[in-house]
Amino acid sequence: MLSACSPEQANQETLAFDQAYPPQAGGTLMSAMPSDPSSMIGMVAGESASLAIGSYLFNSLLKYDQNLDLAGELAASWRVADDNKTITFKLKPNLQWADGKPLTSADVLFTWQLITDEKTHSPYASDYQLVTQAEAPDPQTFIVHYSQPFAPALESWASLQVLPKHKLAGQDIHTTSFAQKPLGSHYYQLQEWRHGEYIKLSRNPKSVMGPANIETLVERVIPDPAAQFLELMADHIDSMNMDPITYARIIPLRPALAARLNQYKELGNSYTYLGFNLKRKPFDDVRVRKAINYAIDKQEIIDGVYLGLGIAIASPYKPGTRWSNPDLHPYAFDPAKARQLLAEAGYTDSDGDGYLDKNGQKLSFEILTNLGNKQREKTSVIIQRRLKEVGIDTRLRTLEWASLLTNFIKPGNFDAVVMGWGLGLDPDQYNIWHSSQQNPGQFNFIGYHNPQVDHLLEQGRLEFDPEKRMQIYHAFAKALYDDSPLVYLSAGYGLTAIHKRVQGIMNPIPPAGVGYDSQKWYIPAPLRRAQIQAE
């Protein structure tokens, strides 16, 4: 399709898209997402697609600014008591939901009650359950009380997406039609949702933050990255998250395409891992877990799958931050050490078939990952090959994302998974690693239980001194390292392509990321698809 354009046409197009225009309202931004949300209530669904769409629809009391400092969103101001046990939020005046109803502190109180209700089963509940009392003494005031100081308290209120009480009161949050037809207060509102096809959002004129520039956002559900890229080449979408091959090899080889795109690279706050179901054998034996860690060549995965666009890690924190323990180093690739540990655990090849066994049972398990994520699929293949070399038999299985979560992850019906964690800015990881967080739908789905880790996580939530808090989380990371409940595979880069018709993107990229202040992005009228087609 690109070869059909003459060089002159390509040059004219490049000149048009390189021209700067003043900010203006209107237009449609077309993007791609790899999976359909299961619900529009992300605080209940607990998966990235729901939270991503929810971030367009709902507001929080606080938000992070471009430098990752806390700022007000619904809150005009807030005050922390001297004993660090009470926070008083003052809401901005004249807040409204998209239907014109007032947004008040009663909505914030209702949302807190909903998320902390045990029947809701929110994976985020634990942070808010530490609030011993919440009150809304008047429409503009919301007050929370803690029994003891909670270090991540303020940060937690930057995550709670506030829901409308007048739409949800008295309803079952798991069956309500609101999850499919939500009403929000943020820059956009749901206009149309065709499951498995696309989600269309339209600008909310009553947004509490003021109107966004772009009139319509369309998120097309395209699980296959290769199919996403074909749509990007055909100019049917304006942006996509890229895999390393597309970023480093394919786009540079297509000058006409590269001339239409801006590419962005940033080290994200996430990592990919091989996680074990610790409630199943053989993963209840730390020697087996460590053997698997030694048997996998992480650099091979980073080089082969991510084309070097990744970093080997040894803790669940972003490299280079104060929370990342500098004394920890990734498990080396050491097949001999892996075989030694497996022998110590009682595994031998008693029948000479090339696979280890114990008490007549072959050392064998299944690895699950989500369909359409080519990096995870390729990573699983490399893991399978390396584990075979030390006598471990593995089977690979890819599943559609919603099915993987609903039928396997939440009920604990798996052996091992290749997945990823996207983390917040605060180092607290209580929701993921504390032994109390193992109920269906909660994040400690691998069944990890270590009293030392529980104590450190509890201690870290109470410590306000940055240096002491850092030492606590370094000790926490060391305990995880020694237990090896999962294999850290890599911390990856976020790679994004955005068509040059989209203007107003901050340059250079702020610490908050390329998507920060996207409500200020705009598409000049001459560069919009309908305008181009008409001309």
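The model is a predicted one, in which local features need pLDDT of at least 70, side-chain atom pairs count only at pLDDT 80 or more, and totals for chains, interfaces and linings use all residues. Residues are numbered from 1 along each chain as its sequence is written, and side-chain values use heavy atoms, with hydrogens and water left out.

Let us begin with helix α17, which runs over residues 451-462. Helices here are DSSP runs of H or I with at least four residues, strands are runs of E with at least two, and both are numbered from the N terminus. The twelve residues of α17 span 17 Å from the first C-alpha to the last, close to the 16 Å expected at 1.5 Å a residue; that expected span is 1.5 Å times one less than the number of residues. At the start of the helix, a side-chain oxygen of N450 comes to within 2.8 Å of the backbone nitrogen of Q452.

Which residues of α17 are buried? They are V453, D454, L456, L457, G460 and R461, where buried means under 20% relative accessible area, with a 1.4 Å probe and protein chains only. These residues lie on the same side of α17 because they cover an arc of only 165° around the axis, taken from the directions from the helix axis to the C-beta atoms. Their cover includes α5 (125-129), α16 (430-433) and α18 (466-483), counting contact as heavy atoms within 4.5 Å.

The whole structure holds 23 aromatic pairs: rings of Phe, Tyr and Trp (its six-membered ring) pair if their centres lie within 6.5 Å, and planes under 30 degrees apart are stacked, over 60 edge-to-face and the rest tilted. One of them is the stacked pair of F89 and F142, with 6.3 Å centre to centre and 25° between the planes. It links distant parts of the chain, as F89 is in strand β5 (residues 86-91) and F142 in strand β7 (residues 141-146), 53 residues apart. F89 is buried at 0% relative accessible area, and F142 is buried at 0% too.

W421 and F445 form a tilted pair, 6.2 Å centre to centre with 35° between the planes. Both W421 and F445 are buried.

Note on methods
Buried < 20%, exposed > 50% of the residue type's maximum accessible area, 1.4 Å probe, protein only. Polar contact = N/O pair within 3.5 Å; in protein donor to acceptor, adjacent residues only side chain to side chain.
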